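Let's take a friendly walk through a protein model together. Please have a look at the sequence and the structure before reading on.

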Amino acid sequence: MSDTTKMLDDALNTLLERRLADAMARNTAGLPETLMGEMIESGFTRVLASEADGGLDGTLADAACVAWRCGWHAAPVPIVEMLLLAHLDPQADAAQVTVAHGSPAIAPLMQGTQSIKTGSEARNADTAKHFTSIADAQWSVLEGTDANHDEATLIMGALLTTAAMTGAMARIIDIMVDHVETRTQFGRPLKKFQAIQHQMAEAVSELTITEAALASALEAHDTSDNRVLLWASAKAQAGVAATRVAATAHQMAGAIGFTDEHALHHFTKKLWHWRDTWGRQADCEIAIGRAACAAPNGLWPYIADKEGIRA
């Protein structure tokens, strides 16, 4: 992480912590719109825009840091789509950015993504059909650009979503660690039970694998290496990890994890939503399988030999 990105992350963390530290504050009316406005005004959404367009001219890895921090706080904003908008349409009027609603039934690898529209498009969005996810987020698609058929945009969306998911999972594990260290059963802290230790180890392992897959895919992307195996593996693994981490966390927390006073469900609901956006797990796995079948040198070279996995 560069010094510039570190300062960006610290500033965003301060902004989001001020608004979201209290779990009950998340129920404040108008909070998503307020956060979106503050993030736009502070320039957090323009990491991928060029300096000439008022952006940071950052890499996808830089933008992933912003997405990760939003995941860490389970920020109720469509951060992936906000970052992509500045990249796809740097001249968009940020003050009028809004989430538009539409059907999630679109291209196989882009089902459930959110749409960002500006200006008159945003004002006409009320005529569209509404869909709401388990995280109370609107489901729709990027419109007004060639994004629906642009593989490059799909890859960026998948990796930014994976980054947001790793941030949320890291925070969930922090919540789990605090819970098992402070709660007792039969006179012993929960962390002393071997079954709890095994579950924690499995959850942390899945997150670690996801982080490694994401780091590899981001590094490759920054060198214009966008092989299906790399980015689709990262998103598919994020789906696997999200299922395991969320299930383990709620099993350990019990019913309290779903209450308004507890923060856990804000993160797990986000995970379940992101799991199905910008490349569902099954669709990513199918894409990997098809690329492997089309590899000229067979399966093993496709997996192990960089020269053999250009597809």
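Below we look at a pair of helices, then at some aromatic rings.

This is a predicted model, in which local features need pLDDT of at least 70 and side-chain atom pairs count only at pLDDT 80 or more, while totals for chains, interfaces and linings use all residues. Residues are numbered from 1 along each chain as its sequence is written, and side-chain values use heavy atoms, leaving out hydrogens and water.

Two packed helices are described by the angle between their axes and the distance between the axes. Start with helix α4 (residues 79–88) and helix α6 (residues 151–182), whose axes come within 10 Å and cross at roughly 145°. Helices here are DSSP runs of H or I with at least four residues, numbered from the N terminus. Axes are lines fitted to C-alpha atoms over the stretch in contact, and angles run from 0 to 180 degrees between N-to-C directions. Which residues make the contact? On α4 they are V80, L83, L84, H87 and L88, and on α6 they are T153, M156, G157, L160 and T161; contact means heavy atoms within 4.5 Å.

Now for the rings. The whole structure holds one aromatic pair. The ring centres of W68 and W72 are 5.5 Å apart and their planes lie at 15°, so the pair is stacked (centres within 6.5 Å make a pair, using the six-membered ring of Trp, and planes under 30 degrees apart count as stacked). Both W68 and W72 sit in helix α3 (residues 60–73), four residues apart, about one turn of the helix.

Notes
Helices (H or I, at least four residues) and strands (E, at least two) are DSSP runs, numbered from the N terminus. Rings of Phe, Tyr and Trp (its six-membered ring) pair if their centres lie within 6.5 Å; planes under 30 degrees apart count as stacked, over 60 as edge-to-face and the rest as tilted.
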